[in-house]
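Please look at the sequence and the structure below. The paragraphs that follow lead through them step by step.

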Amino acid sequence: MEDFDSKKGRDAQWRKDLRDAMPAKERTAIPRTVMNMLAPDVRITNFNEVNLGLTPLQANTEATRCLDCPNPTCVEGCPVNIDIPGFIKNIQRGDIREAARTLKRTSALPAVCGRVCPQERQCESRCIYNKMKKQPVAIGYLERFAADTARTERLDISETPNAPLGIKVAVVGSGPASLSFAGDMARRGFKIDMFEALHEIGGVLKYGIPEFRLPNTVVDYELEGLKSAGVTFHSNVVVGKTLSYDDLLNSGYKGIFVASGAGLPRFMGIPGEDYIGVMSSNEYLTRINLMGAGQSWSDTPVLRGRNVAVIGGGNTAMDSVRTAKRMGAERAMIVYRRSEAEMPARVEEVLHAKEEGVEFLTLCNPVEYLADNRGRVTTMRIQRMELGEPDASGRRSPVPIPGAVDDIEVDQVIVSVGVSPNPLIPNSIEGLNVTSKGTIEVDNSLESSIPTLFAGGDIVRGGATVILAMGDGRKAAAAMAKKLLANE
């Protein structure tokens with residue numbers, strides 16, 4: 001398998017020609033492209049994707065901005081080490097097939113990552129344009145463009161995998177860590193079987209991220225690529241219940257990768273959280289994204305609130321509140337105990353939420369919910385906060401303002417303050433070391449206390465972005481492959 005380091009210097013002549021065609025000074029004068037998107041008043045009426053992607057001309061112009069640095073620090077910021085200058089320069093020269101193939105060599109899900117990865121905190125944060133006080137190259141937009149073009153034009157971007165090794169490996173879970181792991185292992189020639197507890201493959205990509213941000217058709221396309229590479233998917237299989245760890249061993253699997261996620265929702269432990277109308281973001285998004293609640297073809301019920309409060313400031317909170325707007329909420333609120341500057345959500349998601357009419361109640365912390373005589377939530381009592389003095393880490397913690405308590409009318413509350421690891425796998429395998437937080441203990445290679453059982457993603461991290469989970473999948477695949485082949 002060819003990685004970024006082995007590709008250095010390849011196609012050097014045409015890359016030099018592209019650089020020589022336009023001086024760097026002219027390249028840096030080109031403004032960053034703006035994403036095409038649906039108008040806010042249109043998008044809140046449906047679940048169609050908000051960002052529409054770049055046109056070929058926009059993509060070519062943005063690719064021209066890339067300076068093809070001799071030491072591309074953007075690659076260092078990518079958890080899966082994509083050859084970023086390589087794929088971008090292929091877009092500039094008009095070879096979209098090769099651009100998409102370059103992405104696929106290290107990323108199993110480029111069309112997904114181009115949409116949901118926080119590039120502004122990763123690859124784009126390392127772009128040399130930042131040192132010039134200019135906007136970085138829109139790496140995420142270009143990644144999406146190349147992957148989407150390959151999909152819509154049905155370009156063949158597959159590469160011949162290694163010869164089959166006759167070694168079976170099981171994968172538990174079908175989220176981004178598992179999919180990344182499976183793609184790398186299949187290319188190496190391993191026989192991969194993936195087991196998913198739900199009826200649909202894709203994990204959090206399907207149940208956690210709304211279609212207006214990540215359409216299921218995009219996820220399904222990436223899954224088809226993995227099927228073509230030889231990965232076999234098994235849905236409705238709960239490892240730890242319907243299938244045990246010993247069952248997997250007895251079936252001849254030489255290695256097991258566990259990436260069962262962190263699907264256990266957390267609540268705040270305040271009075272009234274058990275009232276009707278108070279639910280977790282996990283339940284709310286799963287009912288709508290995976291089960292089709294609210295759609296004419298679905299029997300899955302879901303509460304449609306008029307005054308909806310979403311508690312939290314992460315991407316899942318933004319997904320929930322924007323979904324509530326689309327489900328008919330007249331007033332949709334984000335309630336966050338810190339200031340907007342501390343919000344972990346992507347800046348783009350916050351901006352989109354504001355454009356769609358979401359209210360932001362920052363420096364506010366719910367302390368109690370009140371209900372009517374039927375047990376249905378009617379009121380959210382919030383404590384106003386202010387930022388205190390910086391702690392040892394330099395972060396200012398919110399502290400209550402004495403007497404600053406307000407009541408706000410609500411009929412639905414969606415709690416999005418974090419998740420905990422799925423306890424089923426850790427509790428069902430004897431001899432597996434688990435942390436006090438319920439995550440699986442692993443070493444630097446992501447191998448657990450049980451030899452040849454590796455783990456990654458949320459079940460190890462407790463919570464991670466899609467791209468960090470994918471990085472775990474790649475790292476575990478390299479380590480497991482090395483170990484299994486050494487034992488042959």
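Just after helix 17, G357 takes a positive phi of about 95 degrees. Helices here are DSSP runs of H or I with at least four residues, strands are DSSP runs of E with at least two, and both are numbered from the N terminus. The model is a predicted one, in which local features need a pLDDT of at least 70 and side-chain atom pairs count only at pLDDT 80 or more, while totals for chains, interfaces and linings use all residues. Residues are numbered from 1 along each chain as its sequence is written, and side-chain values use heavy atoms, with hydrogens and water left out.

Helix 17 itself covers residues 347–355, and its buried residues are E348, E349, V350, H352 and A353. Buried means under 20% relative accessible area, exposed means over 50%, and partly exposed lies in between, for a 1.4 Å probe and protein chains only. These buried residues pack against strand 1 (36–37), helix 4 (40–43), strand 2 (51–53), helix 10 (139–152), helix 16 (315–326) and strand 11 (359–362). Contact in this sense means heavy atoms within 4.5 Å.

Helix 5 spans residues 56–65 and buries Q58, A59, E62, A63, T64 and R65. The cover over the buried residues of helix 5 includes helix 3 (24–28), strand 1, strand 2, helix 7 (84–92) and helix 10. An α-helix has 3.6 residues a turn, so residues three or four places apart point the same way.

How far can the model be trusted by its own score? The pLDDT is the predictor's confidence in each residue, from 0 to 100. The chain averages a pLDDT of 91, and 97% of the residues score at least 70. Over residues 1–9, however, the pLDDT is below 50, and this stretch has 12 contacts in the model beyond near neighbours in sequence.

Three strands form an open sheet in the order 12-13-14, with antiparallel pairing. Its edge strands are strand 12 (364–371) and strand 14, each of which pairs on one side only. Neighbouring strands of this sheet are turned by 20 degrees against each other on average, direction ignored. For this angle, axes are lines fitted to C-alpha atoms, for helices over the stretch in contact, and angles run from 0 to 180 degrees between N-to-C directions.

Two strands pair if DSSP finds at least two bridges between them; strand 13 (residues 377–390) and strand 14 (residues 396–409) pair in the antiparallel sense over 9 bridges. In this pairing L387 stands opposite P398 in strand 14, and R381 stands opposite D407 in strand 14. Strand 13 and strand 14 form a hairpin with 5 residues between them, and G394 in the turn has a positive phi of about 90 degrees.

Aromatic rings come next. Rings of Phe, Tyr and Trp (its six-membered ring) pair if their centres lie within 6.5 Å; planes under 30 degrees apart count as stacked, over 60 as edge-to-face and the rest as tilted. By this rule the count comes to 3 aromatic pairs. One of them is the tilted pair of F47 and F212, at 6.1 Å centre to centre with 40 degrees between the planes. This pair links distant parts of the chain, 165 residues apart: F47 is in the loop between helix 4 and strand 2, and F212 is in the loop between helix 12 (204–207) and helix 13 (216–228). F47 counts as partly exposed because its relative accessibility is 21%, whereas F212 counts as buried because its value is 2%.

F181 and F257 form a stacked pair, 4.3 Å centre to centre and with 10 degrees between the planes. Here F181 in helix 11 (residues 176–187) is linked with F257 in strand 6 (residues 253–258), 76 residues away. F181 is buried, with a relative accessible area of 0%, and F257 is buried, with a relative accessible area of 0%.

Rings also take part in contacts with charges. A charge sits over a ring if NZ of Lys or CZ of Arg is within 6 Å of the ring centre and within 35 degrees of the ring normal. The charged end of R326 sits over the ring of F212, 4.0 Å from its centre, and that of K168 sits over the ring of Y253, 4.4 Å from its centre.
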